[in-house]
Amino acid sequence: SYEFSEFGRHLGCGSGIEELMDDLGHAIASGGPDLKMLGGGQPARIPEMNAVWRRRLEELMEEDGGLQRSLTSYDPPRGNPHFLQAVATLFRETFCWKLGPENVAVTSGGQTAFYFLFNLLAGKMPDDSRRKILLPLVPEYIGYANQGVGGDLFRAVPPLIEKTAPHEFKYRVDFDALEVTPDIAAICVSRPTNPTGNVLTDEEIARLSSIAKENNIPLIIDNAYGAPFPGIIFADATPFWDTHVVLTYSLSKIGLPGTRTGIVIGPPELIRALGSMSAIAGLSNPNIGQQITLPLIRSGEILSLSREVVRPFYQEKCNLARQAAVDAFGDDIEWYMHRSEGALFLWFWFPQLKITSQELYERLKKREVLVIPGQHFFFGLDDEGWPHRHQCIRVSYAMDEAVVRAGLRIIAEEVRGA
Ligand code: PLP
């Protein structure tokens, strides 16, 4: 057997999330026609958006040089220069932010952007000290966990839980508990948040931004579902940027996950570093997503598609799923749903659950309902004794309404039975 490096041990030897994804994958592969897949992060296939992608592919085939730009050439490591310029112009003109192409980098999906950003800023420093990424609120996106090439990268703060309506709650940043110690390299949040559908308020974002600025560290805001594209956001929330803020975007949730296109907006020194990292790790990035969307970004059509097609599509699905939850859970058990302000998920909390979310997941899997057990989203937090982290599950509502409804009915039966 071969000996693995530190890097190899941290990244090449499996993780909780890999096990879970593998488990879900096997369940899907061996599942019958009754399988209810409510576990993944797969966006819905929206017919109007697929028509746009088809149109753009046809245009690329027709255009002089279209094939060359999208398939048969390497782009520069930081991204196609026309695409970087178009993104900078879109954000400058839409939000009056003072940024240019030097503030933009493309990565191979948003996931890679985080891998690069976290390891660029945190981990082992030249003086042998260790720095961490501060998550001001967990639960937070499971895909961040395990990304550190030198081991654990996160310090997380538990949220305040506010009951906002019968059967509804919202997590808030606990600013009294938030402390930026000298070993914090950056603050990071997803907005809307995967898994909860929480959208940090403008006030919370403004406070986090000033805390980051005072401490001379970046604030990273993950807009995988956010405004202005794909715009899967139902709450009033103003996009925010400043010279110490890093924004990440993705073409995945607007419907192009297979193109692996992430977009980062941030200070030029970080953007240059991302280009260097892309060159070393992958020479250059996939360019088909950039070429499919370039004219849509130039014309602003990507904004109107987000507003008029993508957001209403998910808003409708979200409303149907919430109603299905109310119908399934009724009033005889204690259950709460996080206020649904964006993304593709409902986040349920069962305070009286006598089994853990992991056991609930196992029982649901036996009944061919796949969800994500909530404990995975509470990384970076030492407090194992906090019962809340074992009382939640994430349910995707991107699938057909009938599947979501049937799945929720079975979830309610299992919660009642437990
Ligand atoms: N950030 C969040 C919050 C996500 O949910 C996801 C994907 O599910 C990503 C980032 C990464 O997406 P991608 O690598 O497809 O751009």
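Into which domains is the protein chain divided?

1. The protein chain is divided into domain 1 (6–45 + 305–417) and domain 2 (74–300), with bounds from an automatic or database domain assignment. This is a predicted model, in which local features need pLDDT of at least 70, side-chain atom pairs count only at pLDDT 80 or more, and totals for chains, interfaces and linings use all residues. Residues are numbered from 1 along each chain as its sequence is written.

2. The centres of domain 1 and domain 2, taken over C-alpha atoms, are separated by 24 Å. In contact (C-beta atoms, placed from the backbone, within 7 Å) are 40 residues of domain 1 and 43 residues of domain 2.

3. The axes of helix H11 (residues 357–366) and helix H12 (residues 401–417) come within 10 Å and cross at roughly 125°. Axes are lines fitted to C-alpha atoms, for helices over the stretch in contact, and angles run from 0 to 180 degrees between N-to-C directions. The contact is made by Leu 360, Arg 363 and Leu 364 of H11 and by Ile 410, Ile 411 and Glu 414 of H12.

4. Thr 259 lies in the loop between strand S10 (245–250) and strand S11 (262–265). Thr 259 counts as buried because it has 22 C-beta neighbours inside 10 Å; the cut-off for buried is 20 or more other C-beta atoms within 10 Å, with C-beta atoms placed from the backbone. Leaving aside neighbours within four places in sequence, Thr 259 is in contact with Leu 251, Pro 286, Ile 288, Gly 289 and Ile 292.

Conventions
Helices (H or I, at least four residues) and strands (E, at least two) are DSSP runs, numbered from the N terminus. A residue is buried if 20 or more other C-beta atoms lie within 10 Å of its own, exposed if 12 or fewer, and partly exposed in between; C-beta atoms are placed from the backbone. Two residues are in contact if their C-beta atoms, placed from the backbone, lie within 7 Å.
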